[in-house]
Amino acid sequence: MNIRFDKLGVVIAAIAAYAAFLAPFATFRANRIVPGQARSILEALPATAGPLLLAIVVVAALVALFRTALVLRLAASVVALAALALLVGVAGTFLTSAGNTFARVSPASGFWILIFVFTLLLADVLTRLNLSPWARVGVLAAVAAAIGLLLVSGAWNDLSILKEYANRADSFWAEGSKHVTLALGSLLAAVVVGLPLGILCHRVERLRAGVLNVLNIIQTIPSIALFGLLIAPLGWIAAHVPGAAALGIRGIGTAPAFVALFLYSLLPVVANTVVGLAGVPRAANDAARGMGMTDRQRLFGVEFPLAFPVILTGIRIVLVQNIGLATIAALIGGGGFGVFVFQGVGQTAMDLVLLGAVPTVALAFAAAIILDAVIEMTATKRRVETA
Amino acid sequence: MKAWLPLLLRLALVVLLVAFVTSPGWFEPLLKPLTENNAPVIYNQGSLLTLTLLHLRTVLIATVAATIVAVALAILVTRPAGAEFLPLSRSLVNIGQTFPPVAVLALAVPAVGFGEKPTLIALFLYGLLPIFENALTGLTTLPANVVEAARGAGMTGWQRLTKVELPLSAPIILGGIRLSVVISLATATIGSTVAAKTLGEVIIAGLLSNNLAFILQGGLIVAALAVLIYDGLSAVERYAARRMGREAE
């Protein structure tokens, strides 16, 4: 009999075996800042659930190990991930005695490694399936819905990260909306200013090197320094320009964070606009000129649609970067999920760090998938139209 | 005259930078107007020179480690034996880029403690991506006739890799290293939020005590380092590209 191993599967099975049998599944702590005690899968779960989870992990790892059909691999990764997600909540309830509000149960390294390897398996299957852009967004929506359902159902309520959330539910949503406003607002401002600037740089060659150099140098200033440096000029404007303070412009807080993110966003938008416009085939331009199109008609009817996918790539870079950088706004009182991260680092309370970091990563990840799908759609549409 | 002006500007920047980190006292009058209530003008809780060197050391260690791992990975997935991993490694690289540096730093703390280590981990992870991407581009866009010729000349796989493929990809890989170094120089400052000894310490001290002079000097040193290193590596890259007859990216 000819048994064939899957190369990636060997790696996945080996790591999964280590995580399931040797690494701790959950950490139990008497309160939120004392060092925790490790619990394995069998210790952390009720009598039937523990062996069940081990069995699921072993079967899924075996499916990964051998060369099996893609559908089977897909099912194995989804079932394993779902079981892990559900049972980690069960472990939280099982390890916390009823009525104990101080005890904290958090997922430990074994859980995270298992999640990582089965996500790897899922990612591999999805990559090999070569999904269409719509299907990828659909998968993202399904995963988001499943996580939302778990959150609403209360299955995870006994996990420490949700206990941290329960203590700050109001400020979580307030900081969250600030975070999104900062990231999206500065992107919008950068597009409004960057697109015309990019078009101008494309048309006027003398301007191009100068503008791009200045924007390049802005990128080299470390984010925390740029945030800090804007405090002074904005403070001055707030104090001396009538009406500025009423608009919410202040030395510290959201305003300097917004301006800093805007400045960082300009380079990718302008540079990609220039590259995109430069990549428009000369023949397309000549044809448009030959048809008697005016400069403006040529820009909006020919150059801009053709350069659009490249410009979108710049916007994707900016959005993902801004969602990450907005965490630093918390250092200058600008709010956002960074508030929880830095509070957590200060108190060495890792659950609080996770409360800030997990939504940030999730947002950036979702933004990347959605924009990648949009870019692919516009690029294929363009190819079909020009073919 | 135009040819030597940029060179002169860079030389002036080097001289200014060295003068500033070795004897910051000379520049005190310039920064004085930025402080209030007789606050110290020059960072006084450590020497700027030491912090600059530690900052550079952190970036260097992380970049060297990232280069070795990223190039090795790129070589692996472009060999026939590792071809299976190519699409997956591409998506992983994409996913990795979405993790914000602050989150990586904060999450690394429980595993390795405060200080330089979490910073090294974050810089390493961030450094990997551009280098891997460029190494992949370099190794997959080699002129087919050159590779064929090497095979026809009877070179083994190892010989082709070290004598043909890697030297030809060198300019593009260097481009990735350059990007990675510039990102790392700026990201290393964030490491000071978890107590790493970098120039970020100066900036954070300025933020905490509302001292604009501290923020400016920390930020400017990092920016000057980034500009100089970027230019230096670009020059190396152009040299390598000329030798290999390939266009630098």
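Biologist: What distance separates the centres of domain 1 of chain A and domain 2 of chain A, taken over C-alpha atoms?

Modeller: The two centres are 35 Å apart. The domain bounds come from an automatic or database domain assignment, which gives domain 1 as 7-166 and domain 2 as 169-386 of chain A. This is a predicted model, in which local features need pLDDT of at least 70 and side-chain atom pairs count only at pLDDT 80 or more, while totals for chains, interfaces and linings use all residues. Residues are numbered from 1 along each chain as its sequence is written, and chains are lettered from A and ligands numbered from 1 in the order in which they are written.

Biologist: What makes a contact between domain 1 and domain 2 of chain A, and how many residues does each supply?

Modeller: Two residues are in contact if their C-beta atoms, placed from the backbone, lie within 7 Å. By that criterion, 13 residues of domain 1 and 15 residues of domain 2 of chain A take part. On the side of domain 1, helix 7 (160-167) of chain A gives the most, with five residues.

Biologist: Which classes of residue make up that side of domain 1 of chain A?

Modeller: Ala, Val, Leu, Ile, Met, Phe, Trp, Tyr, Cys and Pro count as nonpolar, Asp, Glu, Lys and Arg as charged, and the others, Gly among them, as polar. The side of domain 1 that touches domain 2 of chain A thus has seven nonpolar, two polar and four charged residues.

Biologist: Why is residues 7-21 of chain A called a helix, and what span should it have?

Modeller: Helices are DSSP runs (H or I, at least four residues), and strands are runs of E (at least two), numbered from the N terminus.

Biologist: Which residues of helix 1 of chain A are called buried, and why are they placed on the same side?

Modeller: A residue is buried if 20 or more other C-beta atoms lie within 10 Å of its own, exposed if 12 or fewer, and partly exposed in between. A:Gly9, A:Ile12, A:Ala13, A:Ala16, A:Ala19 and A:Ala20 are buried. They cover an arc (of the directions from the helix axis to the C-beta atoms) of only 135 degrees, which puts them on the same side of helix 1 of chain A.

Biologist: How many residues does each chain bring to the contact between chain A and chain B?

Modeller: Chain B brings 38 residues and chain A 37 residues. Helix 10 of chain B gives the most to the side of chain B, with nine residues.
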